[in-house]
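This short report is meant to be read beside the sequence and the model. Please keep both in view.

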Amino acid sequence: MSTAWNGCVRWGWGDDHLRRLSSPIGLDLGGRTPEETAVSIAAEIIALRWGGTGQRLVDTSTSVHH
């Protein structure tokens with residue numbers, strides 16, 4: 001377990017909270033800068049929220065906006 005994980009356990013986080021954590025976070029966009037890392041994290045959050053796949057839109061046959 002990571003130091004951060006152990007800290008969460010010490011702070012009293014229960015299993016329901018711990019199951020929601022994931023690391024590392026972000027989609028593999030090939031970014032190199034902190035700003036690009038932030039975009040990859042935001043992209044993962046949006047994909048999880050709305051059921052996105054992270055697939056390139058040009059490669060999909062479905063509607064872009066639902």
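The model is predicted, so local features need pLDDT of at least 70 and side-chain atom pairs count only at pLDDT 80 or more, while totals for chains, interfaces and linings use all residues. Residues are numbered from 1 along each chain as its sequence is written, and side-chain values use heavy atoms, with hydrogens and water left out.

Helix 3 covers residues 34–50; helices here are DSSP runs (H or I, at least four residues), numbered from the N terminus. The end C-alpha atoms of helix 3 are 24 Å apart, which agrees with the 24 Å that its 17 residues should span at 1.5 Å a residue. That expected span is 1.5 Å times one less than the number of residues. After helix 3 comes Gly-51, with a positive phi near 80 degrees.

The buried residues of helix 3 are Ser-40, Glu-44 and Ala-47. They lie on the same side of helix 3, because they cover an arc of only 70 degrees around the axis. The arc is taken from the directions from the helix axis to the C-beta atoms. The face turned away from this buried side carries exposed residues, including Val-39 and Ile-46.

Ser-40 touches Gly-26, Leu-27 and Leu-29, leaving aside residues up to four places away in sequence. Contact means heavy atoms within 4.5 Å.

Two residues compare as follows; buried means under 20% relative accessible area, exposed over 50%, partly exposed in between (1.4 Å probe, protein chains only).

| Residue | Relative accessible area | Class |
|---|---|---|
| Ser-40 | 7% | buried |
| Trp-13 | 36% | partly exposed |

Trp-13 sits in the loop between helix 1 (3–10) and helix 2 (15–18).

How values were computed
Helix = DSSP H or I, 4+ residues; strand = E, 2+ residues; numbered from the N terminus.
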